[in-house]
Amino acid sequence: MNQQRKMKRLFSRSAIMLTAASFLTLPLATSAFAGKEGVFLSDSVYFTLDKVALSAGAEDGSLRFSLGLNNNSSTPVDFNNYGVKVIDTNGVSYTAKLTEKVTARVKAGETGTFKFTSEIPSSLDASQLKVDIFEWNYNAMRDIGALSVDAALAESGQSVHQQAVISLQEIDATLGDNALITAQLGSSYKIYKDGVWMVYSDLVLENLSDATLKLPDGLEFNYQDSKGLTYTATFAKGAGQSLLPQQPIKAILQAAVPASLDTNNFSLLFSPKGKVKTTVLGSLSTAKTFVIGKIGESKEYPNTDDNGLAISTSWAAASKQSDGLHLQANVTLTNKSEGVVTIPGLSAEFQALRGSVAVSSTDNAVRTTYLSPNESTTFRFSGILPAGLNTDALQLVVLEKQAAASTTPQGGTTGSGTTGSGSGTTGNNTNSTDTGSKQTATLPVSVTTLAGAGSGGEVSSYSAAENYTVGTPFKFTASNLIDSNVDVSLVEMGMSENADFGFKTVVAKYKLTNKGTTTLAIPDFQTDLTNAEGYTYSGVRQTTVAKNIAPNTSYVLSYSYLLPGTEKADKLALNLYDANRLAVGSYKTTVQAVPTEGAVSLYPFSIKLNDYSVSATYNKDSSYAYRLRLDLDVDRLEQVITDASFSTLAFEVVDSQGRLLSTKAMNFTGQQKIMSGVQFIDFGTIKSEQLESNVTINMYEVVATPNGDAKRLIKSLKM
């Protein structure tokens with residue numbers, strides 16, 4: 001028996017036989033110097049192993065390979081004189097079947113290629129397998145030698161794939177022996193969609209034959225769980241596609257499943273229609289394909305020919321508010337390729353893993369159609385779920401609107417019919433036809449757990465907020481709704497208590513500065529305050545706001561917040577959102593106490609009370625009036641634009657019982673303008689029975705809001 005030898009030996013012994021013609025007819029000769037294995041019939045005739053594909057299914061596997069018969073002799077060699085089988089390290093042999101009809105007679109100076117497939121246990125790896133070659137000798141077999149599967153895989157740089165090899169002849173007897181397809185899984189997703197729990201699996205199908213095929217109607221797809229229960233799968237995308245030879249196509253399967261389904265022991269089965277319990281043509285384990293991403297992790301975008309597009313849930317946050325659990329997430333697409341890629345249309349759902357709870361979200365921001373190399377774009381999603389949910393049991397599902405059916409290429413086909421797709425569970429499934437009609441479906445492209453969303457989780461956003469110094473511009477997360485040429489800063493935050501109604505009021509003032517060279521729209525941002533315990537208080541904007549801000553100018557906006565009387569306001573997070581309620585920043589803040597002495601800031605003004613006195617006067621109509629004499633210093637701190645809704649000063653006269661007797665308002669600009677120096681403010685008409693010698697005059701800063709006037713106590717002046 002000829003021993004198996006390395007190709008190096010052949011060339012050291014027979015270098016004289018390698019002519020120019022030999023290189024043309026023997027393409028493997030150049031690689032032979034690297035030590036490619038060969039099984040020799042003689043020094044000039046030998047077998048080599050190429051194009052090895054080892055596939056491991058859920059229960060069985062397959063080995064596909066090409067055997068090259070290299071004839072460098074001067075006479076033809078008949079391959080019919082030889083046989084092939086696969087053997088493992090225990091000596092167990094497995095039948096190798098030819099997958100195409102070719103001429104067995106290999107002429108002198110040529111190489112014949114013979115393609116085989118063999119069914120093997122999925123538990124065997126490449127190091128345990130060899131392709132054994134033997135010679136027929138009057139119905140007896142004489143071993144010639146064996147070629148290592150592991151060495152062939154290493155030489156080609158290939159790896160073992162989880163694939164199922166399916167013979168379509170088992171479904172349609174009119175097809176040939178070589179009507180083989182492979183099925184390989186991509187990612188799988190378990191999501192809540194349109195009222196039911198669904199499993200979706202990305203599937204790559206490849207036609208191994210030399211003619212175009214279609215999947216027969218009789219081929220059925222089923223998922224099977226650990227209890228042996230099966231769930232019929234249909235095409236959500238890719239139904240009816242023609243399978244060109246050696247050209248992988250991408251499809252998506254879907255099936256309705258129970259909410260309690262355990263995906264750790266879950267398989268996809270291929271079988272003749274109605275015979276899943278008796279006949280399985282191939283199977284794939286889906287357990288490892290259910291990959292749940294984490295916040296910040298990036299992965300390759302699925303089901304796209306734009307190689308290099310990556311997707312990640314780059315940021316997520318949750319905060320418990322009065323109306324529920326507020327969730328926000330940024331999903332970033334990055335083009336890591338060297339070419340331009342198309343931006344897919346994405347939407348999202350925030351879903352609870354337990355129970356039938358989900359909320360949809362879309363990002364309607366205007367963006368370009370394409371991404372250049374190294375460019376990114378971010379989709380921003382938000383939703384509100386019941387407050388009792390915990391982020392550990394929530395997931396973000398990102399969906400893309402995709403074509404549910406593909407145009408069938410023109411040309412001859414082998415096989416019959418199409419695999420119908422359609423399920424009443426989603427309403428998105430369609431059958432495709434040869435006319436090329438297309439319909440769309442919204443299908444998952446990523447699932448991310450929201451566990452630990454934001455440093456404060458679902459309890460509070462306070463711990464996740466940045467430290468902040470009053471007066472410095474906020475560092476916003478990029479937003480299409482807030483122009484980057486507009487600086488926004490908090491310039492003042494004060495709190496007062498309304499004892500009559502048991503609540504406190506915080507008034508915050510924001511300075512907006514246009515750094516650009518053109519007039520810009522004033523952004524419609526929203527704000528709220530969150531304390532360390534997670535309680536959130538919404539901000540209300542002043543009643544009237546200018547529309548635009550000129551370049552190189554600043555504008556002041558006021559917001560007010562109602563807080564319970566028990567709120568200390570010593571630990572607050574100021575959260576800012578754009579007009580679509582997408583978070584752009586969160587900052588730790590505290591209220592500024594009103595000084596008991598010296599100037600009081602009422603941005604952009606400051607007031608210093610030098611002296612005051614209160615007196616009562618008698619009117620001719622037998623009524624009384626109180627007169628307040630003020631000696632003030634009023635300074636303008638900065639030249640910023642204010643308007644009619646800017647805060648005013650209000651003076652209220654209350655008696656010893658706290659009853660309001662009279663009010664008077666004054667402005668910082670225009671009529672009734674308060675000024676530096678001595679001025680008098682009269683309060684009338686006071687009834688004689690209301691006249692007291694110990695009344696108090698409270699001085700407030702007042703901001704007009706859609707919810708009424710917000711008052712901040714500045715001074716209490718005793719008579």
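Predicted model: local features only at pLDDT ≥ 70, side-chain atom pairs only at ≥ 80, totals over all residues.
User: How many aromatic pairs does the structure hold?
Analyst: Rings count as paired when their centres lie within 6.5 Å. By that cut-off, the number of aromatic pairs in the structure is 23.

User: Take Tyr231 and Phe266: is that pair stacked, tilted or edge-to-face?
Analyst: The ring centres are 6.4 Å apart, and the planes make an angle of 40 degrees. Stacked needs under 30 degrees and edge-to-face needs over 60. That leaves the Tyr231 and Phe266 pair as tilted.

User: How many residues apart in sequence are the parts that this pair ties together?
Analyst: Tyr231 belongs to strand 17 (residues 230–237), while Phe266 is in the loop between strand 18 (249–256) and strand 19 (267–272). Both residues are buried. Because of where the two sit, the pair links parts whose separation in sequence is 35 residues.

User: And Phe379 with Phe381, is that one stacked or edge-to-face?
Analyst: Both Phe379 and Phe381 are buried. Their ring centres are 6.3 Å apart with 10 degrees between the planes. Under 30 degrees is the cut-off for this class, and the Phe379 and Phe381 pair is stacked.

User: Which ring does the charged end of Lys711 sit over?
Analyst: A Lys NZ has to be within 6 Å of the ring centre to count. The charged end of Lys711 is 4.5 Å from the centre of its ring. That ring belongs to Tyr700.

User: Which residues have the most contacts inside the largest nonpolar core?
Analyst: This core has 35 residues. Among the elements giving it two or more residues are strand 14 (180–193), strand 15 (196–207) and strand 16 (219–224), along with strand 17. A second, separate core has 32 residues, including Val39 and Phe79. Back in the largest core, the residues with the most contacts are Phe221, Tyr223 and Phe270.

User: In strand 41, which residue is the bridge partner of Leu602?
Analyst: Strand 40 and strand 41 (residues 605–618) run antiparallel and are joined by three bridges. For Leu602, the bridge partner in strand 41 is Phe605.

Key:
Residues numbered from 1 in each chain as written. Heavy atoms only, no water. Phe/Tyr/Trp six-rings, centres within 6.5 Å; stacked < 30°, edge-to-face > 60°. Helix = DSSP H or I, 4+ residues; strand = E, 2+ residues; numbered from the N terminus. Buried < 20%, exposed > 50% of the residue type's maximum accessible area, 1.4 Å probe, protein only. Lys NZ or Arg CZ within 6 Å of the ring centre and 35° of its normal. Core = buried A, V, L, I, M, F, W, Y, C linked by side-chain atoms within 4.5 Å. Pairing = 2+ DSSP bridges.
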